[in-house]
Amino acid sequence: MKRIRVDFLIVGAGLAGSVAGFLLKKAGADVLALELLDAKTKEKLCGGIMNKRALTQVAEVFGEGCMDTLRPMHIEKVWDRYAGLEILIESDVYYALPRKRLDDYCLERYLQSGGMLQDRTTVREIDDSAGVAICADLRTGETFEVEFGRIIGADGAMSAVRRLLTGRNQRVGITLEGVVPLMSRDGVFEYLSREVGYSWYIPRGEDAVVGCGSYPGNAEICREGMNSLCRGLQIEEPRCVRGAAIPTGDDTLLEYGRQTCFVGDAAGLIAASSGAGIELAVTSARLLSESLLNGNSYTEAMKPKTDYIARLAQDAKKSYFVYRFFIMRKGRPAKPFVSEKTR
């Protein structure tokens, strides 16, 4: 069986995996990233809304010039809705960026730095103590071994690395999402009435996405939440809908055994009250890279973030109650969109 030897094996070539790979390769390490899907066509389900902190993190990794390529769109107004009422949040911190554009850019920078990539490849077995992973090329059926110094799980909420080593998947919620025509440049979040969750409309420039996420996860409620938002905004429901699992935020795992670390969704890093995970993906990738290169503790470096995530997950129901109470007290009757074409 063919064997490859690398310093770092990264499973998952999305945002967190590409950022970690870029930083490790930039420091001179041998890095191999494996991706289950086709690297050119894969597209993560994600609303794509980011705060200014997340953009700053990306710029600090790749340089300010990356924004000329990424072209994030400023969202000046975000409406929070509940039970037919809404409040307006005007801010300079919200931006929309199609997730595929962001992921493709980060992966390309990793490859330009000299990082290796093998897509359409899965991990079948991991021996953490020996530092060996048995992998399979899904195109050819070839099985090969990778000998690694460290393995990094960056393969999403249903991480194969996490399942192979711990024997179980993390606790997850469910999201559904589809693309609709651009009707407004305002963003909208609508809180579900029956359980912890929310629907969203996010403009992306040429089009927009609508979706819904619920915890612990119910596809029927997600579909109804998304369709209810569309009806309230008087926009057509999306013709094609995709689904995905998202972390619940109460099942984080940063390190396992002697040589395994996790970043992004695979580590369970998400702000449960909002579903925000982009900033946490970049932050975890940066702090892990620094710890691996400098010998610092990754868990300790991430502690402020994981403590914050744990509080959000623990207080999720309380947080939603506060949001709903605030909207019921301060809100005004919700209005449908005025189309961009008629403004």
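Analyst: Helix α7 is largely enclosed by the rest of the structure, because 13 of its 17 residues are buried, where buried means under 20% relative accessible area, exposed means over 50% and partly exposed lies in between, with a 1.4 Å probe and protein chains only as cover. The model is a predicted one, in which local features need pLDDT of at least 70 and side-chain atom pairs count only at pLDDT 80 or more, while totals for chains, interfaces and linings use all residues. Residues are numbered from 1 along each chain as its sequence is written, and side-chain values use heavy atoms, with hydrogens and water left out.

From its first C-alpha to its last, α7 reaches 24 Å, close to the 24 Å expected at 1.5 Å a residue; the expected span is 1.5 Å times one less than the number of residues. Helices here are DSSP runs of H or I with at least four residues, strands are runs of E with at least two, and both are numbered from the N terminus. After α7 comes G295, whose phi is positive, near 80°.

Of the 12 residues in α1, 11 are buried, including F22, L23, L24 and K25. The span of α1 is 16 Å between its end C-alphas, close to the 16 Å expected at 1.5 Å a residue, and just after this helix G28 takes a positive phi of about 100°. Within α2 (residues 52–62) sits Q57, which counts as buried because its relative accessibility is 15%. Leaving aside residues up to four places away in sequence, Q57 touches V282, T283 and R286, contact being taken as heavy atoms within 4.5 Å.

F22 of the buried α1 set also belongs to an aromatic cluster with F62 and Y105. Rings of Phe, Tyr and Trp (its six-membered ring) pair if their centres lie within 6.5 Å, and planes under 30 degrees apart count as stacked, over 60 as edge-to-face and the rest as tilted. The whole structure holds 7 aromatic pairs. One of them is the edge-to-face pair of Y191 and Y320, at 5.6 Å centre to centre with 75° between the planes; this pair links strand β13 (residues 187–191) to helix α9 (residues 316–330), across 129 residues of sequence. Y191 counts as buried because its relative accessibility is 9%, and Y320 does so at 0%. F321 and F325 are stacked, 6.2 Å centre to centre and 20° between the planes; because they are 4 residues apart in α9, about one helical turn separates them. F321 counts as exposed at 55% relative accessibility, and F325 as partly exposed at 43%.

R5 counts as partly exposed at 46% relative accessibility, as does E147 at 27%. D38 and R139 form a salt bridge at 3.3 Å between the closest N and O atoms. Because D38 lies in the loop between β2 and β3 and R139 in the loop between β10 (132–137) and β11, the pair ties together parts that are 101 residues apart in sequence. D38 is partly exposed, with a relative accessible area of 25%. Salt bridges that share partners also join R3, R5, E145 and E147 into one network.

The loop between β2 (31–35) and β3 (49–51) is also the place of L36, which counts as partly exposed because its relative accessibility is 44%.

Notes:
A salt bridge is a side-chain nitrogen of Lys or Arg within 4 Å of a carboxyl oxygen of Asp or Glu.
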